[in-house]
Amino acid sequence: KGKMPSNTSITVKEGTLGIADNAFSGCDGLTSVVIGNSVTSIGYRAFSYCDGLTSVVIGNSVTSIGEDAFYDCSGLTSIVIGNSVTSIGKNAFRDCTGLTSIEIPNSVTGIRGGAFYGCSGLTAVHISDLSAWYNIDFGDYSANPFYNAKNLYLNGKLVTEVVIPEGVKVIRNYAFYNCAWLTSIEIPNSVTSIGKNAF
């Protein structure tokens with residue numbers, strides 16, 4: 001924690017298993033981070049308040065992004081989330097006002113409250129599997145990036161109509177919260193439960 005020369009880029013190399021709580025918190029000189037594929041977890045406030053941070057690549061072995069991990073990284077404009085992440089912690093990207101789009105991998109099963117709260121610049125959410133999306137357990141309305149973003153892209157194509165396939169039984173809480181971008185939705189007879197504020 002503390003001072004770091006401006007325009008510093010770091011690569012967390014193979015062999016590192018985790019990034020500790022507060023490891024780089026407040027390091028304003030940090031501009032880019034690449035997290036190697038041996039890292040499995042990013043700790044509490046690991047990169048919080050890194051105002052100069054613009055680019056983050058999270059490796060494919062990371063399974064959890066900790067609470068407040070990138071909290072108030074207002075300069076963050078690009079983040080790649082590895083395809084093994086299952087959990088995005090509370091307030092993980094809160095107040096990352098420079099973030100304009102986010103890609104959520106199919107591996108994600110839980111996003112805690114406030115994860116995208118205050119991301120006022122966020123306009124687009126990118127996914128590659130709609131079935132994976134409505135199975136995510138959102139902690140509350142501010143966990144869903146649609147709290148700010150008004151566009152969903154499925155494999156690069158803007159989605160305005162959603163057809164939920166037969167066989168799906170549950171649509172979870174907040175799955176399509178704030179979905180003013182939707183023009184139509186088709187829900188099959190197999191659905192037995194629609195969660196709180198799902199639409």
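Trainee: Which residues is Thr8 in contact with, leaving aside its neighbours within four places in sequence?

Mentor: Keep in mind that this is a predicted model. Thr8 is in contact with Gly29, Leu30, Thr31 and Ser32, and contact here takes heavy atoms within 4.5 Å.

Trainee: Why does Thr8 count as buried?

Mentor: Its relative accessibility is 16%, and buried means under 20%. So Thr8 gets the label "buried". Thr8 lies in strand β1, residues 8-12.

Trainee: And what makes β1 and β7 the edge strands?

Mentor: Start with the sheet: four strands, open, in the order β1-β3-β5-β7, with parallel pairing. β1 and β7 (78-80) each pair on one side only, and that makes them the edges. On average, neighbouring strands of this sheet are turned by 10 degrees against each other, direction ignored.

Trainee: How do you know that β3 and β5 pair?

Mentor: Pairing takes at least two bridges. Strand β3 (residues 30-35) and strand β5 (residues 55-58) run parallel and are joined by four bridges, so they pair by that definition. Ser32 stands opposite Ser55 in β5.

Trainee: Last one: why is Phe199 called partly exposed?

Mentor: Phe199 has a relative accessible area of 38%. Exposed would need over 50% and buried under 20%, so a value in between is partly exposed. Phe199 lies in the segment after β18 (193-194).

Technical notes. Residues numbered from 1 in each chain as written. Predicted model: local features only at pLDDT ≥ 70, side-chain atom pairs only at ≥ 80, totals over all residues. Heavy atoms only, no water. Helix = DSSP H or I, 4+ residues; strand = E, 2+ residues; numbered from the N terminus. Buried < 20%, exposed > 50% of the residue type's maximum accessible area, 1.4 Å probe, protein only. Axes fitted to C-alpha atoms, helices over the stretch in contact; angles between N-to-C directions.
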